[in-house]
Each structure stands twice: as C-alpha cells, then as structure tokens.
Amino acid sequence: MGIATVALHSEIDREAKYVKLADESVCIGPAPAHLSYLNIPAVIAAAEVTNANAIHPGYGFLAENADFAEQVEKSNFIFIGPSPQAIRRMGDKIEAIKRMCNGGLHRVPGSDGALCDDIEKTKEQARRIGYPVLIKAAAGGGGKGLRLAEDESQLDNAIRISKIESNLNFGNTTLYMEKFLHNPRHIEMQVLADKYGNAIHLGDRDCSIQRRRQKLIEEAPSLGISDEQRQILGQQCTKACQNLGYFGAGTFEFLYDGKEFHFIEMNTRVQVEHPVTEAITGIDIVKEQIHIAAGEALSKRQDDIEFRGHAIECRINAEHPETFKPSPGAVGRYHPPGGPGVRVDTHLYSGYEIPLHYDSLIAKLITHGSDRKEALARMQGALEEMIIDGIETTIPIHQRILAKKKFLRGAVDINYLERILAR
Ligand code: MV4
C-alpha cells in the first residue's frame, strides 16, 4: 500500500523477522507482556515519537481492549479497528447476544440476561432451559469462567466457581447461562463494514478442530453448509453490523448443531485464521481494515464477492506433538514449503530463538485448491516439505489428523480432536 511501517517489540523480540523487515522499530519494554505489548502508554508514546498516523492492534494483546482503542483516538491516532463503543458492547457477551438476537440471529436457549443472586430463581430458569446448562462469564469469551452443570445438584457449585474465576480474570462477576450443546461444530462468519453503513460478508469458516479451545485447523468454506444457508447467515450478520453501527473487520461465532446456527460471541478483531477467507475470496482483509479506518467506503458490494475453491490452515506451534508442552529454543534448519496454492505466514528464520514468554504459534500454513480434495493434497505435500529443525513442532499432529477418514469426510465437531487424542 506504500505505507511505511513501525514495528513495536519487546526486548526479547529484537531479533524477530517482522522487526527487521519494518521501516522503523521501537522497543517498548521488557519481555513480560504487561510491561511491553500490554503497556498502553508505551505503545502510544512509540506512535508519538515515530510520528505515526494509525495503529493496527493485530490479533492478540490489546486488539479487543476498548480502553486502548479509546486512548489511541484521544491521542489523535487512527485505531485500525471498530469504534471503542462497539468493542465494549461486544466485550459484554450478554449485551452482544441481546443485540444480535434482536437483529434476527438465533442464540442458544438460555437465561434472559444476567443471572440474579436468587438461586431459586436461577434453578427455575435452568429447569426451563433444560439440563445440562453451561454457566458463562459476561466478560468472558475464550472459555474463562465456563462451568457445566449437568443437573440441579451441580448448579450452585458451578455458579460459585464461575463467579470466582470471572472475578479473578476480569474483575467482574456477571454470569449468564445457556443450554449445553454436546457436539456442535464451531462455524464463524467474516464481515467487513465501513463507516457509512455498508456491510458485506466474506463467507464462513469451520474452526472445529481444536484442543483446549486452541484452534489447530481451520477451513473455508464449511462442509455441508449450502450456498443458501451461507447467504442467509451472511445477510443476518451484515444486517446485525448495520444495526450496531459496526465498522471494520469482524467475526460472528456460532455453534452449529446440524439444524441451527446459534450465535455465541462476536470478535471485533482480525483473526488468526483470516487467510483461509482471503484465499477463497481474493480479498486482503488487513488491507480492507486500513481502507475502512482511513474513512473510505467499501469498494466491493456483496454481488462482487465470489467464493473460489477451498482453503485450509494448519497452525504450527512450537510444542511437543504428543504432550503439547511448549518447546522454545533456537531454530536450526528452516525450509518453508512452496508452490501453487501454498502460503506460509511466519516470523521464523534459521537461527531464530523462540522465546518462552508468548503464545507458541510459530507459523500458519495455508493451502488453497479448486476443491477441498486439492487443498488437502496440497496441505499434505506442504507439511511433508516443511522443515523446522531444533525444536518440537505440531506438524506431526496435522499429518495424523489429515490421514483420518473421518476428518477427510468432514465428519468433525469441536470434540473430535480430543476424542482421537484420548485413544
Ligand atoms: C458453548 C459450548 C456448548 N454449549 N456453549 C467455549 C469458549 C467460548 N467461546 C464458548 N465455548 C463453548 N460454548 C454452549 N451453549 C461449548 C463451548 C466450547 C467450544 C466452543 C467453540 C470452540 C471450541 C470449544 C471447546 C470447548 C467448549
């Protein structure tokens, strides 16, 4: 885009590839994230000294922090993302569900708003919903504060623990309750909206292959979802954006039980798995985020969006492939795969030292094909071609999953991986 870039980094990330590639870089503090990447004044000061125009928050750390977005704007920088108000509203999961379901989306049957302190009233609600029920934190997302109650005898305790966990993690004890869905798929819808009320969707992704809420494999489009279903769900999501006055990139998360898409949360950032959507639509989502933040109208209408072929992403982590124990250390030989329909997003290079301070995601391997079979074949080839020496990686797990008949048939749900790992 011809935009000069400043990379911010902690002391330990001095040697990261993105830092070396950027036009300028600023060290914003020591390795612990709360002293650098989560230090709002340090980030804003770095923007000031480099005379930056805008700040892109990425997909971790401060990306969904409404206070950060607000302070960026108060300091006269452009926040590349939605308004602080939209981030705040979607951060409250009760409010998000209320707003989205008024706009026509379905939710999981659940409590009407927050649980009250009267346990008898909550028991009555749970009986009406039907057990098992899941207690969730309003400030949650990602799974903190999540507690299952299989029957009434477990409800009191589930609420107590969920409250403690929520208070510890978010300093908030507001809870809500949903009927527990046993083996749903995790399907999400990507949207883009500008500041003038235009909104489009870029289709769905299936993110069901996960372990302990960490996604391993994502693909687009989701299997077994018809074009008509996709179009209806996409329209409901774009309408919800318009009702909300939402702008920027966003993702609507659903649990799909084979019948209904149940809205659970909205993510107000670009996501790790956005490349599979980019592959099948040809749209650069980060570039669109920058255009939207600059106050430009969307250059494409829904009719301009064409879905081409199938894409798969394998997240490669520096972890032991059986125990999932983090495996930091120096990278020896590094050889990325290549060829038609192969994309690697990574900060790795031969000799790079992986720190133990952060998330263990070290590379995203994305393949695209004219159909799922071709995308899968390219992924199998690429996984075999990829060499990352010196550390343990999750490449062997991906190879194991990609050899499973059930996965190849697309017969998966959010518990699939944990079931095969238990064997
Ligand atoms: C659920 C659910 C089953 N039923 N809600 C986990 C994190 C949070 N984002 C929502 N989560 C779930 N909510 C109801 N009513 C199961 C999960 C869940 C899950 C969801 C998506 C992807 C992976 C998951 C792993 C475990 C549990």
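Reply: Strands (E, at least two residues) and helices (H or I, at least four) are DSSP runs, numbered from the N terminus. This is a predicted model, where local features need pLDDT of at least 70, side-chain atom pairs count only at pLDDT 80 or more, and totals for chains, interfaces and linings use all residues. Residues are numbered from 1 along each chain as its sequence is written, and side-chain values use heavy atoms, with hydrogens and water left out.

Me: Which residue in β14 is the bridge partner of Ala220?
Reply: Look at the open sheet of nine strands, with mixed pairing and the order β5-β13-β12-β9-β10-β11-β14-β19-β17. In it, β11 and β14 (residues 310-317) pair in the antiparallel sense over four bridges. Across from Ala220, the partner in β14 is Ala311.

Me: Which strands are at the edges of that sheet?
Reply: An edge strand here pairs on one side only.

Me: What angle does α9 make with β14?
Reply: Axes are lines fitted to C-alpha atoms, for helices over the stretch in contact, and angles run from 0 to 180 degrees between N-to-C directions. Contact means heavy atoms within 4.5 Å. Helix α9 (residues 274-281) packs on the sheet and touches β9, β10, β11, β14, β17 and β19. Its direction against that of β14 comes to about 155 degrees.

Me: Which helix lies across β11, β14, β17 and β19?
Reply: The one you want covers residues 372-385. It runs at about 140 degrees to β19. That's α11.

Me: What is the strand order in the open sheet of three strands?
Reply: The pairing there is antiparallel. The edge strands are β7 (147-149) and β8 (175-179), while β6 (residues 133-137) is joined to β8 by five bridges. Neighbouring strands are turned by 30 degrees against each other on average, direction ignored. The order is β7-β6-β8.

Me: Which helix lies across β6, β7 and β8?
Reply: Helix α5 (residues 93-102) packs on this sheet too, but it touches β6 and β8, at about 50 degrees to β8. The helix across the three strands you list spans residues 152-170 and runs at about 170 degrees to β7. That one is α7.

Me: Are α4 and α5 roughly parallel or roughly perpendicular?
Reply: Helix α4 (residues 84-91) packs against α5 at an angle of about 100 degrees, with their axes 5 Å apart. Angles under 35 degrees count as roughly parallel, over 145 as roughly antiparallel, 65 to 115 as roughly perpendicular and the rest as oblique. So α4 against α5 is roughly perpendicular.

Me: Which residues of α4 make that contact?
Reply: On the α5 side, the contact uses Lys93, Glu95, Ala96, Arg99 and Met100. From α4 come Arg89, Met90 and Gly91.

Me: How much space lies in the largest cavity?
Reply: On a 1 Å grid over the protein atoms alone, a cavity is a set of points where a 1.4 Å probe fits but cannot get out; a pocket is an open set with protein on both sides within 12 Å along at least five of seven lines, and lining residues have an atom within 4 Å of a point. Grid points are joined across faces, edges and corners, and a volume is the space filled by probe spheres set on the points. The whole structure has four cavities of 30 Å³ or more. The largest holds about 80 Å³.

Me: Which elements give two or more residues to its lining?
Reply: The lining includes Asp206, Ser208, Ile217 and Glu218. The elements are β10 (199-211) and β11 (214-220).

Me: Where is Pro221, which has a cis peptide bond with Ala220?
Reply: Omega of that bond is about -5 degrees. Pro221 sits in the loop between β11 and α8.

Note on methods:
Two strands pair if DSSP finds at least two bridges between them.
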